[in-house]
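Subject: Structure for you to look at

Hello,

Here is the structure I said I would pass on. Please open it alongside this message, and read the notes below with it in view.

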Amino acid sequence: MLSSYAEADSDGLRRCPVCRRVERPFERAIAYGGYDGGLRELIHLLKYNGVRPAAKVLGRMLAEAWTALEAEFDQAALERGLFDQQPLLIVPVPLYKSRRGQRGFNQAELIARAAVTVYPMRERMQLAPEILRRTRDTHSQIGLTSHQRRLNLRGAFAVTRAAEVTGRDVILVDDVYTTGATATECARVLRRAGARRVWVATVARTLKLATQYAEIGPELDEADDPVSEGILAKAVGS
């Protein structure tokens, strides 16, 4: 929020007065960069063209974005105490079974798996792709108001094994953060199942100027753009 009416929270994020009165089910949402340019093309290669090697590149980006949360991970571990040092649960946002069947994979799971593999402190992470399940198919979110998006997603997710979530800290992973409706609903379900904390981590975020004004990770400028660096061509040729 760039408006003069927005105030900074204790974590430094700026929100409007209405949003400040709404308790978020997740601690913070971070992303590697903006959903445009080469990053957008790379995500589309994975999702719509089935170029699976692109997931490895996106996974490295996600792992880099996780570093922005390391201080919070350390604080959470300190609060849990010496005898409760379970790894962070990495939970990909699931696809409905028919859509996953058509696509052949869940892009969020592939990206999360790749990120765990390259993250320097991978022993702190535990991939849990089956913890969260999409219980019904949902309509496209395009063109819906924020209220309609929430209604569209309400009841669309469920935790399959609540005992494995209770008392755990969770990183919810997806490819793109748009309005936050999906992340909010997934985090709400995880918290109701007993999760202590939930962070949201995505490769890209659609908010304009997000890479400059929100704490979502490194900027994606020309020097870091996957296309200009040849990463996109490498992913296609792998």
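A crossover between two strands by way of a helix is called right-handed if, with the strands pointing away from you, the path from the first strand over the helix to the second runs clockwise. Keep that in mind for the end of this message.

Please note that the model is predicted.

First, the chain as a whole. It has 238 residues, and 47% of them count as buried. The chain contains 10 helices and nine strands. Its accessible surface is about 12300 Å², with 51% of that belonging to carbon and sulfur atoms. Among contacts with a separation of 6 or more, 73% are between residues 24 or more positions apart.

E8 has a parallel pairing with strand E4 (residues 88-92), made over four bridges. To locate this pairing, look for Leu-89, which stands opposite Val-170 in E8.

E8 also pairs in the parallel sense with strand E9 (residues 197-205), over eight bridges. Here Ile-171 has Trp-199 in E9 as its bridge partner.

Now back to the definition. Helix H8 (residues 181-192) forms a β-α-β unit together with E8 and E9, and this unit is right-handed. Turn the model until the strands point away from you, and trace the path from E8 over H8 to E9: it runs clockwise.

Regards

Note on methods
Residues numbered from 1 in each chain as written. Predicted model: local features only at pLDDT ≥ 70, side-chain atom pairs only at ≥ 80, totals over all residues. Heavy atoms only, no water. Helix = DSSP H or I, 4+ residues; strand = E, 2+ residues; numbered from the N terminus. Buried < 20%, exposed > 50% of the residue type's maximum accessible area, 1.4 Å probe, protein only. Contact = heavy atoms within 4.5 Å. Areas by Shrake-Rupley, 256 points an atom, 1.4 Å probe, with all protein chains shown as cover. Pairing = 2+ DSSP bridges.
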